[in-house]
Amino acid sequence: MEEEDKAPDMEAWERAYADDRSWESLIEDESGLLKAGDDVQQQRQHRRRLIQASGPRIQRGIIRYLCLILDFSRAAGEIDFRPSRMAVVAKAVEDFVREYFDQNPLSQLGIIVMKNGIASVVTELSGSPEAHIRALKSNLESFGEASLQNGLELAHTYVQHIPSYGHREVVIVFSALSTCDPGNILETVKKCKAARMKCSVVGLTAEIYICKHISQETGGSYAVAMNEGHLKEILLEHVPPPAAMPDASSASLVRMGFPQRGSEGAVAICACHKELKIGGGYICPRCRARVCELPTECSLCGLALVSSAHLARSYHHLFPIPTFDELLVDASLRGKSSFAGSCFGCRIQLSGSGSLRLRCPRCKRDFCFDCDVYIHESLHNCPGCETLQEEAVT
Amino acid sequence: MKFVIEGLTVYFPYEFIYREQYAYMVELKHALDARGHCLLEMPTGTGKTITLLSLITSYQLANPSLAKLIYCTRTVHEMEKVLDELRRLHLYQEKEIGSSRAKILALGLSSRKNLCIHPVVSGETSRESVDAGCRKLTASWVRAAAETNLDIETCSFYQGYEKQGSEQPLPPGVYTLHDLRVYGRQRGWCPYFLARQMIQFANVVVYNYQYLLDPKVSGIISKEMQKECIVVFDEAHNIDNVCIEALSVNLRQNNLDGASRNIHKLNQIISRFKETDANRLRQEYNRLVEGLAQQGNLHGSDNWLANPVLPEDILREAVPGNIRRAEHFVAFLQRAVQYLRERLDTDTVVKEGPVSFTTTMSTAAGLDQKALKFCYDRLHSLLLTLEVTEIDEFLHVQTVCNFLTLVGTYTRGFSIIIEPYDERMPHIPDPVLQLSCLDASLAIKPVFDRFQSVVITSGTLSPIDLYPRLLNFNPVIIHSFTMTLTRDCLCPMILARGSDQLPVSSKFDMRSDPGVVRNYGRLLLEMVATVPDGVVCFFVSYSYMDGIINSWNEMGILQEVMQHKLVFIETQDYVETTLALENFRQACDCGRGAVFFSVARGKVAEGIDFDRHYGRLVIMFGVPFQYTLSKILNARLEYLRDTFQIKEGDFLTFDAVASSLRSVLRLFVYLYQRQAAQCVGRVIRSKADYGMMIFADKRYNLPNKRNKLPQWIQSQLREEHLNLSTDMAVHIAREFLRRMAQPSDPQVSKSTLLSQEDLEKMAAMPNF
């Protein structure tokens with residue numbers, strides 16, 4: 001009896017390896033040692049995304065209202081991603097939400113879940129990452145069919161009353177292969193297009209025609225995840241603010257408040273939780289209401305509340321640092337003194353380190369792959385260029 | 001782009017050319033230079049049509065002695081596509097060398113049904129009724145009568161054509177059927193007769209196979225084509241069947257009943273004529289004494305079908321005395337119908353050769369062979385004399401005469417089979433008398449003999465050496481091209497075992513095994529849960545499909561499938577299937593996903609392509625062997641063995657593999673979807689379609705079946721995709737779909753394309 005119970009476990013254990021086929025990515029180098037995959041190839045892969053994202057300096061939509069539609073239908077319970085598609089999606093979404101608010105402090109986000117043929121709101125459009133993640137984690141179960149139409153309709157009502165300067169975006173994370181709709185989804189797509197909603201889809205299984213259609217019609221993107229890492233990667237592609245839509249409203253002034261931090265130990269009734277809170281908090285400059293977190297909208301007077309740090313953090317999207325050029329390591333150049341040298345960021349030896357050699361087009365300094373990632377994704381300043389400026393000043 | 005192949009300047013309307021297209025052109029040019037026939041296999045969807053057109057029209061420009069290009073297609077839809085491509089090519093040529101040199105006249109020709117613009121007649125539904133409606137308005141005697149009597153209706157378009165159009169040629173250009181209709185409306189000319197007139201002057205003619213292969217039609221339409229023509233049969237993989245069908249006749253009870261009615265009516269008309277206009281009948285008698293050949297110069301609108309036998313077999317002599325008089329001929333027909341009726345009334349299967357059939361016919365019913373030969377022409381002449389315009393009512397007697405003429409003319413290559421009932425349904429009496437042609441080379445022989453170069457081409461001609469034997473000709477070039485894919489967008493798999501590791505097959509002794517049925521069901525179920533949008537399943541026959549769907553329904557598999565995708569089933573009813581297909585497409589478009597169950601040899605869904613998301617996966621359940629107990633098939637196999645030394649097994653496997661392939665390949669029409677409009681600015685968007693095919697039968701794993709797949713599929717069929725079980729197939733499918741969903745690298749697709757500079761470089765290298 002006991003043995004019978006164990007048998008399926010064994011199979012599942014074996015299948016985990018059979019499905020991963022991790023041995024296929026092993027590579028044997030010249031000396032017969034096994035390496036896990038081709039480093040340089042992976043680095044190039046990573047950089048390709050970066051290069052694609054960087055273009056000429058363009059107007060970007062900094063104030064975004066993004067509606068995340070998650071598919072928790074029966075298909076999300078499949079286990080081709082471990083432990084299940086749903087769990088993997090939840091994890092990736094968590095990262096995405098944090099990263100999104102980190103890079104877009106002026107933006108808001110809401111989560112909708114599709115299951116059992118209907119779409120339901122998990123969190124309203126708001127600015128607090130923790131609240132979204134908490135709500136999502138308490139909502140993890142999958143059953144029934146997915147209905148893209150219901151999801152889009154709900155998102156449509158959601159974004160209808162947001163101000164015209166905001167960028168309306170929908171990101172659908174879709175596990176299922178089909179959608180069970182109450183009506184004609186093509187009509188809904190037209191409606192979304194008319195409402196200037198940019199709908200992007202992240203698929204987990206295969207390319208689906210209707211998803212492609214939705215993203216093409218509304219100007220969004222469509223990608224299908226190969227594996228867990230790839231899923232995260234393509235989801236994070238939605239983090240940087242998109243180019244402003246051509247027919248978006250012309251520049252206009254947005255009224256914003258920069259609240260002061262309340263003194264420690266002060267006791268006040270919080271406007272967002274409607275309960276007594278001690279310490280911290282921010283005071284709305286117009287109506288003096290206390291809010292817990294920034295950025296948000298004052299729940300009394302409706303003023304957008306941000307801090308100056310938020311604005312500054314959004315700034316780099318408008319003036320990005322240029323992508324570094326890859327220098328091909330030519331065999332003839334190797335060993336020449338001009339080509340030796342180390343990374344300007346971390347001082348690691350560049351030749352023979354298994355890293356790409358990347359050069360900033362402005363200051364002509366070389367960097368290693370890790371520093372390149374750090375500079376472009378977190379620092380948003382080039383150390384080489386900054387020192388040049390300093391030298392110029394002194 | 002413009003480039004030179006061995007001294008010939010070729011104009012190609014795109015900026016890039018695929019390697020295999022270039023290779024195809026080189027081989028084709030060799031064949032044209034040698035003035036011989038050729039057989040070329042190139043993967044579907046690689047732009048065969050434009051390659052052919054561009055080389056041949058360029059060849060025509062360089063060699064004005066060439067008469068014309070005759071391009072034969074299977075369907076009207078394909079015809080329009082060819083003409084569209086040609087128009088693009090023509091525009092390009094005009095741009096390159098000026099409109100005066102690049103002058104061509106190209107047009108499509110189809111039946112009256114597709115070309116008629118008469119407001120009433122064109123509304124008719126069937127081909128025959130449109131033909132008859134046209135004759136009612138345009139027959140010479142009707143128009144003669146209309147000159148004196150204004151109440152008689154004629155067709156204004158035909159009158160317009162007759163007055164002016166027949167003299168003036170069409171301005172040069174490319175005319176699709178639609179263009180012809182528009183032009184006809186503008187000028188008030190009949191497009192059908194205009195087109196028929198103009199094919200004499202055209203450089204490129206696009207029409208159906210029948211216009212060359214079926215002697216009944218080709219006798220009228222293609223009689224005046226010069227020898228220096230290039231004939232192209234596109235999508236010619238079942239050309240042998242077309243040839244055979246052109247010379248085969250089936251007679252059933254209702255045909256004979258209808259023929260009797262027709263004969264009765266003819267009798268009435270004859271007696272009426274005798275009273276009013278006996279002179280006419282006498283004139284006809286005199287004409288027949290002089291021989292049928294005399295009636296060659298009939299008026300254009302009066303001839304509708306020529307003799308069903310091939311041109312060189314028609315006798316140029318006088319009609320025998322016993323059928324010269326109208327009443328004698330009708331009595332002769334009556335006896336013939338009576339005799340056939342007696343033959344049909346049998347309860348055993350009878351198989352006979354034409355010789356013994358005519359011998360017994362003449363002893364039993366006094367119908368001599370010589371008279372039989374003339375039946376069809378005699379009937380034709382009689383209907384003209386009697387000024388019958390409702391030819392669609394006389395179809396049955398025409399079929400009978402068609403049969404009699406063929407039986408009387410040919411002694412070899414045919415067989416007559418009388419079956420009292422369908423073998424598969426022995427309880428329902430359905431006697432049928434079949435005159436079946438066994439030799440495909442008969443019908444196509446005149447084409448090979450008459451024209452300088454005949455090009456037979458298709459995506460699947462494998463095994464390519466069988467075709468010359470089947471069609472009995474000597475091609476100067478035989479070549480099978482592979483394709484250069486930008487990525488592995490084709491994923492063929494051979495599934496030999498179910499999820500329980502037991503073999504699956506549609507073999508007769510296994511097909512009703514519940515284990516096999518369940519395994520097939522599980523396969524479908526797993527696949528619909530893995531593959532997005534459209535899935536198409538092919539079964540070996542209608543009865544097998546009905547059986548398996550029933551069992552799946554009982555096992556609850558169908559209900560589970562429905563959770564993932566909607567299910568549509570092909571039936572033998574045309575309207576029903578069209579509706580099912582339409583809804584299938586809709587379900588795929590709106591994201592619900594759908595499965596279509598079809599039959600490998602099904603006539604209804606034939607010619608419908610499941611491209612892009614409509615066919616991400618095709619599953620072929622079983623090997624679609626022909627029904628081997630069929631008498632006709634056996635007769636044909638025997639004939640092939642005795643005459644061409646083709647082994648039965650070889651032919652059957654070839655046929656089965658070919659027909660399963662043809663079903664499966666319908667999804668790959670647009671492997672390379674080349675959109676000319678998007679070639680702007682030297683950026684080519686290679687939107688590569690992709691799809692999977694599963695051959696679910698252990699017998700596909702045998703080398704004798706596998707080797708019959710075309711080279712370009714075999715090259716995609718990897719070792720690890722053979723002999724799969726269901727779960728392995730699902731795994732491969734999942735990986736494949738994920739891989740294909742990734743955006744394709746534009747850098748890679750560039751490497752399979754050649755630009756003008758590449759070609760010039762290649763030309764500079766002598767050893768390419």
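Let's start with two domains of chain A. The C-alpha centres of domain 1 and domain 2 of chain A lie 28 Å apart. That comes from a predicted model, as does everything else I'll show. On the contact itself, domain 1 of chain A gives ten residues and domain 2 of chain A gives twelve.

Where are these domains in the sequence? The assignment for chain A puts domain 1 at 61-238, domain 2 at 256-318 and domain 3 at 325-392.

Now the area. Domain 1 and domain 2 of chain A bury about 980 Å² between them, and carbon and sulfur atoms give 58% of it.

What about polar links here? Between domain 1 and domain 2 of chain A, the count of salt bridges is zero. Helix H3 of chain A, residues 85-103, provides the largest share of the domain 1 side, three residues. By type, that side of domain 1 of chain A has five nonpolar residues, four polar and one charged.

Next, the interface between the chains. Chain B and chain A bury about 2,000 Å² between them, 48% of it on carbon and sulfur atoms. In chain B, the residues that lose the most area to chain A are His731(B), Arg738(B) and Gln742(B). Together they make up 27% of what the chain B side buries. The contact involves 23 residues of chain B and 25 residues of chain A.

How many salt bridges run between chain B and chain A? The count is four. One pair to look at is Glu78(A) with Arg734(B), where the closest N and O atoms are 3.3 Å apart. Both residues sit in a network of salt bridges that also takes in Asp80(A), Arg85(A) and Arg738(B). Polar contacts across the interface of chain B and chain A come to ten residue pairs, both residues at pLDDT 80 or more.

Which helices of chain B each supply at least two residues to this side? They are H23 (557-564), H24 (574-589) and H29 (726-740). H29(B) gives the largest share, five residues. On the chain B side as a whole, nine residues are nonpolar, seven polar and seven charged.

Let's finish with salt bridges inside the chains. Over all chains, the structure holds 40 salt bridges.

In chain A, take Asp366(A) and Arg359(A). Their closest N and O atoms are 2.7 Å apart. Buried or exposed? Asp366(A) is buried, at 12% relative accessible area. Arg359(A) is partly exposed, at 30%.

In chain B, Glu96(B) and Lys2(B) form a salt bridge at 3.9 Å, N to O. Glu96(B) is in helix H3 (residues 76-97) and Lys2(B) is in strand E1 (residues 2-5) of chain B, so this pair ties together parts that are 94 residues apart in sequence. Glu96(B) is partly exposed, with a relative accessible area of 33%. Lys2(B) is partly exposed too, at 34%.

One last pair in chain B. Glu327(B) and Arg325(B) meet in a salt bridge at 3.2 Å, N to O. Glu327(B) counts as partly exposed at 22% relative accessibility. Arg325(B) is partly exposed at 41%.

Technical notes. Residues numbered from 1 in each chain as written. Chains lettered and ligands numbered in written order. Predicted model: local features only at pLDDT ≥ 70, side-chain atom pairs only at ≥ 80, totals over all residues. Heavy atoms only, no water. Salt bridge = Lys/Arg side-chain N within 4 Å of Asp/Glu carboxyl O. Buried < 20%, exposed > 50% of the residue type's maximum accessible area, 1.4 Å probe, protein only. Helix = DSSP H or I, 4+ residues; strand = E, 2+ residues; numbered from the N terminus. Contact = heavy atoms within 4.5 Å. Buried area = accessible area lost by both parts, 1.4 Å probe. Polar contact = N/O pair within 3.5 Å; in protein donor to acceptor, adjacent residues only side chain to side chain. Nonpolar A, V, L, I, M, F, W, Y, C, P; charged D, E, K, R; others polar. Domains from an automatic or database assignment.
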